[in-house]
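Trainee: Hi! Could you walk me through this structure? I'd like to ask things as they come up.
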Amino acid sequence: MKCHFCENIATEKHHIRYYPEETIAVCSYHGDQIHIYPFLYQEYIKYQKGDSTAFYAQRKRIERFFVRIAKSRRQEKRR
């Protein structure tokens with residue numbers, strides 16, 4: 001897969017929107033540039049300040065929920 005901004009191979013995904021989740025493929029150079037100079041990429045960034053914090057907090061809650069479910073099922077099987 002190619003980088004969204006150049007012809008290099010994409011090595012990572014970068015969020016352009018969190019709700020609904022949307023990512024673009026970027027090379028490591030452009031991935032760094034988006035974080036260092038976000039004002040240069042404003043037309044691609046479609047999320048509001050704080051969306052990433054809420055998104056990753058929600059993801060963490062969901063992951064903890066699934067861990068608890070899996071642990072509970074393992075304990076039930078042992079009985």
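Trainee: Which residue forms a salt bridge with Lys2, and how many Å apart are the closest N and O atoms?

Mentor: Good place to start. This is a predicted model, and in it Lys2 pairs with Glu7, with the closest N and O atoms 2.9 Å apart.

Trainee: Are those two buried or exposed?

Mentor: Lys2 is exposed, with a relative accessible area of 54%. Glu7 counts as exposed too, at 62% relative accessibility. The cut-off for exposed is over 50%, so both residues pass it.

Trainee: How many salt bridges does a search of the whole structure find?

Mentor: Three. One of them brings together the side chains of Arg17 and Glu22, at 3.3 Å from N to O. Arg17 is partly exposed, with a relative accessible area of 25%, and Glu22 is partly exposed at 28%.

Trainee: And what does Glu21 form with Arg59?

Mentor: A salt bridge, and its closest N and O atoms are 3.6 Å apart. This pair links distant parts of the chain: Glu21 sits in the loop between strand 1 and strand 2, while Arg59 belongs to helix 2, 38 residues apart. Glu21 is partly exposed at 45% relative accessibility, and Arg59 is partly exposed at 34%.

Trainee: Let's talk about those strands. Which way do strand 1 and strand 2 run?

Mentor: They run antiparallel, and five bridges join them. For example, His14 has Ile24 in strand 2 as its bridge partner. The two strands form a hairpin, with four residues between them.

Trainee: New topic: rings! How many aromatic pairs are there in the whole structure?

Mentor: The search finds nine aromatic pairs. Take Tyr18 and Tyr56: their ring centres are 6.1 Å apart and their planes are at 75 degrees, so this pair is edge-to-face. Planes over 60 degrees apart count that way.

Trainee: Where do Tyr18 and Tyr56 sit in the chain?

Mentor: Tyr18 is in the loop between strand 1 (12-17) and strand 2 (22-26), and Tyr56 is in helix 2 (residues 51-78).

Trainee: Which of them is buried and which is partly exposed?

Mentor: Tyr18 counts as buried, at 7% relative accessibility, whereas Tyr56 is partly exposed at 38%. Buried means under 20%, so Tyr18 qualifies.

Trainee: Which residues form an aromatic cluster with them?

Mentor: Tyr18 and Tyr56 form one aromatic cluster with Tyr19, Tyr47 and Phe55.

Trainee: Where is Tyr47 found, and what does it touch?

Mentor: Tyr47 is in the loop between helix 1 (28-36) and helix 2. Leaving out residues up to four places away in sequence, Tyr47 touches His14, His15, Ile16, Arg17 and Tyr18. The C-alpha atoms of Tyr47 and Ile16 are separated by 6.6 Å, although these residues are 31 residues apart along the chain. At 26% relative accessibility, Tyr47 is partly exposed.

Trainee: Last one! Which residues make the nonpolar surface patch?

Mentor: Ile36, Tyr37, Phe39 and Leu40 make a patch of about 450 Å². Among them, Ile36 lies in helix 1 and is exposed, with a relative accessible area of 51%.

Trainee: Thanks, that helps a lot!

Conventions: Residues are numbered from 1 along each chain as its sequence is written. This is a predicted model: local features need pLDDT of at least 70, side-chain atom pairs count only at pLDDT 80 or more; totals for chains, interfaces and linings use all residues. Side-chain values use heavy atoms; hydrogens and water are left out. Rings of Phe, Tyr and Trp (its six-membered ring) pair if their centres lie within 6.5 Å; planes under 30 degrees apart count as stacked, over 60 as edge-to-face and the rest as tilted. Buried means under 20% relative accessible area, exposed over 50%, partly exposed in between (1.4 Å probe, protein chains only). Two strands pair if DSSP finds at least two bridges between them. Contact means heavy atoms within 4.5 Å. Patches are made of residues with over 30% relative accessible area and no salt bridge: like charges are joined within 9 Å, nonpolar side chains (Val, Leu, Ile, Met, Phe, Trp, Tyr) within 5 Å. Accessible areas come from the Shrake-Rupley method with a 1.4 Å probe; for residues, only the protein chains shown count as cover. A salt bridge is a side-chain nitrogen of Lys or Arg within 4 Å of a carboxyl oxygen of Asp or Glu.
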